[in-house]
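Visitor: I've got a protein model open and I'd like to learn how to read it. Can you walk me through a pocket and a pair of helices?

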Amino acid sequence: MEIGIDKIGFYTPHLYVDMNKLAYERNVEPEKFTIGIGQEKMAIAPLTQDPVTMAANAALEILDEEDKEKIDFVLFGTESGIDQSKSAAVYVHRLLGLNAQARAVEVKQACYGATAAIQMAKGHIALNPESRVLVLGSDIARYGLNTGGEATQGAGAIAMVVSKDPSIMVFEGPSAYLTDDVMDFWRPAYSGEAFVDGKLSNEQYIAFFSRAWDQYKAKTGLELADFDAFSFHLPYTKMGKKALKAVLDEGSEADSERLLANHQIGAIYNRNVGNIYTASLYLSLLSLLEQNEDLQDGSRIGLFSYGSGAVGELFAGRLKNGYREHLHVERHRELFATRKEVTVSEYEEIFQETLPTDGSRLELDIHQDPANVCLSGIEGHARQYVNKASGIREEKVAAHVER
Ligand code: COA
């Protein structure tokens with residue numbers, strides 16, 4: 001049975017900051033951010049967007065009534081979850097109006113969460129071939145103002161329907177995966193921002209990729225020449241390029257040219273969004289599929305996932321005949337084109353806005369946010385969500401606004 005990605009949707013908030021302007025304010029040469037790190041624009045999440053709303057917005061783009069009926073498993077990868085107990089998947093399940101006969105759970109291992117979710121989805125479909133699984137990756141990457149990691153922040157989500165006989169990509173063959181206890185990045189339960197040893201995380205990322213690649217070759221007998229492209233987890237776009245370069249001398253000149261060119265195309269969306277942790281690898285895959293019109297049906301794409309702490313996995317997929325017809329290229333062009341730039345001081349202000357933690361009520365102005373699904377406020381420690389498209393909770397918000 002063929003199992004893979006049947007649909008893929010994407011969402012990023014409508015605000016961004018220009019990295020050249022951030023560099024100027026931080027007294028850094030702009031080329032450090034745009035070339036050295038490889039980022040042009042950084043998506044900023046207003047308070048009306050959180051990992052739940054972003055994931056729901058990405059999923060709304062792709063789900064039809066049949067999906068809503070058939071999805072019986074919602075797997076939500078995130079490392080910026082909103083609750084230590086209740087999974088973000090349950091909120092999304094309600095906001096999308098999915099069938100109650102479904103499982104809904106959150107999956108956590110830093111940026112690896114959505115890949116773990118894909119592997120679980122494969123197992124679920126192998127046992128239940130008629131099932132459709134909604135895999136979500138959604139995160140707001142926060143390191144803090146004026147920190148070393150600031151230039152590698154971002155916000156966004158990817159939603160994928162994984163099923164048998166998929167329309168876009170079939171997962172192929174065995175995976176290579178490994179775990180090692182490394183303190184390169186972690187976020188204690190009491191902290192809103194991550195702690196990171198940036199240099200160590202860079203080293204570990206490359207070491208995990210090299211080890212996974214050696215394991216993958218031993219398991220499959222495949223080599224660089226067998227791949228049309230590799231998509232990488234991209235905490236910043238230069239990171240994937242560094243890892244790829246670590247193995248390129250194994251191949252020919254033509255392999256290097258092809259893989260580097262496709263890496264650059266796969267980094268276009270990520271350059272303009274920033275790090276979205278669990279969803280970054282799948283955003284890079286989406287960028288490659290939507291921006292490279294020369295990929296052939298049957299092209300083999302390697303996917304490398306790295307979650308600090310650390311778990312790494314390398315696996316592959318092959319494109320299906322007619323995959324381009326199932327992408328939303330125009331909608332994503334529009335999503336990027338209609339974003340609004342904020343100044344660095346506006347970004348700093350938004351960054352420091354927080355929801356009350358004392359149980360008091362706060363109502364947010366969701367009319368400033370063009371997204372369908374928004375966080376409309378908080379009441380008694382419970383986040384209030386609105387799906388403008390379906391009217392879920394809209395009446396309640398309208399009543400509050402009138403008062
Ligand atoms: N023009 C061009 N390139 C420049 C430059 C300039 N004017 N100034 C600096 N650079 C280059 C550096 O040479 C370096 O390139 P290299 O990595 O290829 O050597 C790059 O810009 C970054 O400079 P560096 O001094 O290493 O940056 P930093 O100390 O600010 O740290 C990170 C960068 C990524 C480690 C930091 O942003 C971070 O900790 N991010 C969060 C963790 C993360 O994303 N980890 C990734 C693995 S999960």
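Guide: Let's start with the residue classes: Ala, Val, Leu, Ile, Met, Phe, Trp, Tyr, Cys and Pro count as nonpolar, Asp, Glu, Lys and Arg as charged, and the others, Gly among them, as polar. Keep in mind that this is a predicted model. With those classes, the lining of the second largest pocket has 14 nonpolar, 10 polar and six charged residues.

Visitor: How much space lies in the second largest pocket?

Guide: About 610 Å³. Its lining has 30 residues, and the closest to the pocket's centre are Gly148, Gly149, Thr152, Gly198 and Tyr236.

Visitor: Which elements give two or more residues to that lining?

Guide: They are α2 (30–37), α7 (198–220) and α8 (237–245). The largest share, five residues, comes from α7. As for domains, domain 1 (3–168 + 329–402) and domain 2 (176–318) each supply at least three residues of the lining.

Visitor: Okay, now the helices. How should I read a packed pair?

Guide: Two packed helices are described by the angle between their axes and the distance between the axes. Take α9 (residues 253–266) and α11 (residues 280–291): their axes come within 7 Å and cross at roughly 105°. Angles of 65 to 115 degrees count as roughly perpendicular, so α9 and α11 are roughly perpendicular to each other.

Visitor: Which residues make the contact?

Guide: On α9 look for Asn262, Ile265 and Gly266, and on α11 for Ser284, Ser287, Leu288 and Gln291. By class, the contact of α9 with α11 has two nonpolar, five polar and no charged residues.

Note on methods:
Residues are numbered from 1 along each chain as its sequence is written. This is a predicted model: local features need pLDDT of at least 70, side-chain atom pairs count only at pLDDT 80 or more; totals for chains, interfaces and linings use all residues. Side-chain values use heavy atoms; hydrogens and water are left out. Axes are lines fitted to C-alpha atoms, for helices over the stretch in contact, and angles run from 0 to 180 degrees between N-to-C directions. Helices (H or I, at least four residues) and strands (E, at least two) are DSSP runs, numbered from the N terminus. Angles under 35 degrees count as roughly parallel, over 145 as roughly antiparallel, 65 to 115 as roughly perpendicular and the rest as oblique. Contact means heavy atoms within 4.5 Å. On a 1 Å grid over the protein atoms alone, a cavity is a set of points where a 1.4 Å probe fits but cannot get out, and a pocket is an open set with protein on both sides within 12 Å along at least five of seven lines; lining residues have an atom within 4 Å of a point. Grid points are joined across faces, edges and corners, and a volume is the space filled by probe spheres set on the points. Domain bounds come from an automatic or database domain assignment.
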